[in-house]
Amino acid sequence: MADRRSSRRSGCIVLSVTALLLTACSSEEKPDVAYVVPDTLCGAPVGKETIEPFFPPGSKLTKTGDALDDGKYASGCDYAVDNHKTLLVSSFFHEDTPTARQIAEKRAADYGSGDKKISVETSGDVALYSRGAVAVAACPGYSPQGDDLPRKSFSVEILAFYPKDLSKAAKSLTQLMKDLVPVVAKANGC
């Protein structure tokens with residue numbers, strides 16, 4: 001009888017240890033990002049590694065809006081993760097040649113987090129503010145959509161809601177703008 005109890009006890013211990021091991025193995029941590037991070041922004045191919053820092057953890061990514069390369073005078077799209085605004089990307093043609101600083105100052109007043117500080121990249125083509133970035137490039141001629149609106153330049157703008165402190169992501173945001181502008185320029189015939 002003692003052997004039977006001992007073997008039952010051993011069997012229960014083995015079963016308990018096995019159950020714990022199976023539970024531990026099956027409860028691997030879920031990835032922070034359960035959706036596929038895109039490798040394009042509003043149709044402009046810039047590479048996943050360039051835009052990854054601006055997409056937060058979550059399970060569902062949605063995109064609405066137009067492609068940046070469709071030739072419209074104004075275009076753009078929005079990204080949301082789990083129904084929370086994440087990234088707003090837009091492109092505008094201009095009949096004049098505003099500087100990145102001028103546009104960023106206006107955007108900082110409209111969308112900034114109270115901080116109106118602007119930092120301008122050495123070339124002057126990219127300006128950062130507390131919630132985003134603006135880049136300006138030359139694009140003389142007329143809109144390719146045939147609306148006969150003259151243009152001298154275009155801007156690409158990003159309003160980012162992640163990470164919450166963009167000052168730590170300034171280098172990544174500047175690089176994203178530098179990668180995005182030539183793609184949009186080429187696609188729109190600039």
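This is a predicted model: local features need pLDDT of at least 70, side-chain atom pairs count only at pLDDT 80 or more; totals for chains, interfaces and linings use all residues.

Biologist: Is R131 buried or exposed?

Modeller: The cut-off for buried is under 20% relative accessible area. R131 has 11% relative accessibility, and therefore counts as buried. R131 is placed in the loop between β7 (126-129) and β8 (132-142).

Biologist: Which backbone oxygen lies 2.8 Å from a polar atom of the side chain of R131?

Modeller: That oxygen belongs to K164. As for D165, its C-alpha atom is separated by 8.3 Å from that of R131, although the two residues are 34 residues apart along the chain.

Biologist: In which strand does S155 lie, and what does its side chain join?

Modeller: S155 belongs to strand β9 (residues 150-160). Its relative accessible area is 0%, so S155 is buried. The side chains of S155 and H94 are joined by a polar contact of 2.8 Å. Beyond four places away in sequence, S155 touches several residues, including F92, I103 and V134.

Biologist: How is empty space found?

Modeller: A probe the size of a water molecule is rolled over the atoms, and this shows where empty space is left. Here, the largest pocket has a volume of about 250 Å³. Among its 15 lining residues, D115, Y129, S130, L166 and S167 are the closest to its centre. The lining comprises six nonpolar, four polar and five charged residues.

Biologist: What is the volume of the second largest pocket, and which element gives the largest share of its lining?

Modeller: The volume is about 160 Å³, and β5 supplies the largest share, four residues. This lining divides into nine nonpolar, one polar and two charged residues.

Notes
Residues are numbered from 1 along each chain as its sequence is written. Side-chain values use heavy atoms; hydrogens and water are left out. Helices (H or I, at least four residues) and strands (E, at least two) are DSSP runs, numbered from the N terminus. Buried means under 20% relative accessible area, exposed over 50%, partly exposed in between (1.4 Å probe, protein chains only). A polar contact is a pair of N or O atoms within 3.5 Å; within protein, one must be able to donate a hydrogen and the other to accept it, and residues adjacent in sequence count only if both atoms are side-chain atoms. Contact means heavy atoms within 4.5 Å. On a 1 Å grid over the protein atoms alone, a cavity is a set of points where a 1.4 Å probe fits but cannot get out, and a pocket is an open set with protein on both sides within 12 Å along at least five of seven lines; lining residues have an atom within 4 Å of a point. Grid points are joined across faces, edges and corners, and a volume is the space filled by probe spheres set on the points. Ala, Val, Leu, Ile, Met, Phe, Trp, Tyr, Cys and Pro count as nonpolar, Asp, Glu, Lys and Arg as charged, and the others, Gly among them, as polar.
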